[in-house]
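Please keep the structure in view while reading.

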Amino acid sequence: MNFFLLRTFLLFCTVALPMQSAASPAPKNPTHRSAGSNAKKNASLKPKRSIQKSKTTFSKSSVKKPQLNKNLALKTKSAKVSTQSVKKQKPNKKQKAKARAKTQQPVVKKPRLIVIDPGHGGLDKGACVKECTEKMLCLMTALMLKKELNEKGFRVLLTRTSDIFIPLKKRTTIANSAKCDLFISLHFNSAPSASANGVEVFIPRYSSSIRKTNSKSIAEKITRRCKAIMKSNCRGVKEANFTVLRETSMPAMLVEGGFITNDKERKKLLNPVYLQSLSKAVAEGVALHFKK
Ligand SMILES: [Zn+2]
């Protein structure tokens, strides 16, 4: 009888206990476990924590790696920036001079080109009183002025070098084609009044402001030098719409060197020394403008 009971009990244990453990599954959320949960359950969680820790440490290390890479990248970037900053540094004057001496020829400035236009010529005598003709005074003064300007380092081109007639349009074409820095047309005056005398300079009336400003600046310097060197009456700088002033594209002026119709001034004009002083005054005015 006891043996039977013992066998029944053992049979019960082998069948009922597994059923009980299967009927009470572990809660999904470990935070809902009571504080009195047994050690087995805690023990079953320990491996999970260790996995989480290892995951955390892995994730931390994985976070650190980019930081290291970032630091390296920053260092590389800063190195690049420093290299660039070195590259971008401009050479100082000494370095520039050394480089130029090694590689380049010394910079030579091209001399300024002045076109001188002796007025009239050939059949066109211009103003004429007795033996004095404007065309001859213009040519003589132009040749003297050329010499003065050459001595000051200017290149000079004349629209005519002999007693020939050149149309006005051709004179301006010569100046524009040469792309000269200054156009000077030389003339001598005449007036119904015999008392009119002195030097006057005309500049373009209608022109771009920069051309007009430069023309005026040079003309004013010329008249000042005329007053100082020639001791003559200075009638100042005036505006006009002459063809040679209107059709040229560079600073331009027409110098009236004196009145042929004034007896006293005509005698002066027939003296080459006076024409030489006029040429010198014009050349000095030009040089004052271009060689500041
Ligand atoms: Zn004239």
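Which residues have the most contacts inside the largest nonpolar core? The model is a predicted one, in which local features need pLDDT of at least 70 and side-chain atom pairs count only at pLDDT 80 or more, whereas totals for chains, interfaces and linings use all residues. Residues are numbered from 1 along each chain as its sequence is written.

The largest nonpolar core has 43 residues, and those with the most contacts inside it are Ile114, Ile116, Ile184, Ile222, Met253, Val255 and Val282. Such a core is a set of buried Ala, Val, Leu, Ile, Met, Phe, Trp, Tyr and Cys residues joined through C-beta atoms within 7 Å; a residue is buried if 20 or more other C-beta atoms, placed from the backbone, lie within 10 Å of its own, exposed if 12 or fewer do, and partly exposed in between. Two or more residues each come from strand 1, helix 4, strand 5, strand 6, helix 6, helix 7, strand 8 and helix 9 (272-290). Across the protein, buried residues make up 28% of the 292 residues.

The secondary structure comes to 9 helices and 8 strands, these being DSSP runs numbered from the N terminus (helices H or I, at least four residues; strands E, at least two). An open sheet is formed by 6 strands in the order 4-1-5-8-6-7, with mixed pairing, where two strands pair if DSSP finds at least two bridges between them. Strand 4 (155-158) and strand 7 (234-240) stand at the edges with a single partner strand each, so one side of each is left without a neighbour in the sheet.

Further into the sheet, strand 1 (residues 113-118) and strand 5 (residues 182-189) run parallel and are joined by 5 bridges, with Ile114 standing opposite Leu182. Strand 5 also pairs with strand 8 in the parallel sense, over 6 bridges, and here Ile184 stands opposite Met253. Strand 6 and strand 8, by contrast, run antiparallel and are joined by 3 bridges, with Val255 of strand 8 as the bridge partner of Val201. In strand 8, 8 of the 8 residues are buried, so this strand is largely enclosed by the rest of the structure. Not counting residues up to four places away in sequence, Val255 touches Ile184, Leu186, His187, Val201, Ile222 and Val282, contact requiring C-beta atoms, placed from the backbone, within 7 Å.

Helix 6 (residues 209-230) lies across strand 5, strand 6 (199-204), strand 7 and strand 8 (252-259), running at about 175 degrees to strand 6; axes here are lines fitted to C-alpha atoms, for helices over the stretch in contact, and angles run from 0 to 180 degrees between N-to-C directions. Helix 5 (residues 168-178) lies across strand 1, strand 4 and strand 5, running at about 175 degrees to strand 1.

In helix 5, Arg171, Thr172 and Ala175 are buried. Seen down the helix axis, the buried residues of helix 5 fall within an arc of 95 degrees, so they line one face of the helix, the arc being that of the directions from the axis to the C-beta atoms. Their cover includes strand 1, strand 5 and helix 7 (243-246), while the face of helix 5 turned away from its buried side carries the exposed residues Lys169, Lys170 and Ser177. Lys179, which follows helix 5, has a positive phi near 50 degrees.

How values were computed. Contact = placed C-beta atoms within 7 Å.
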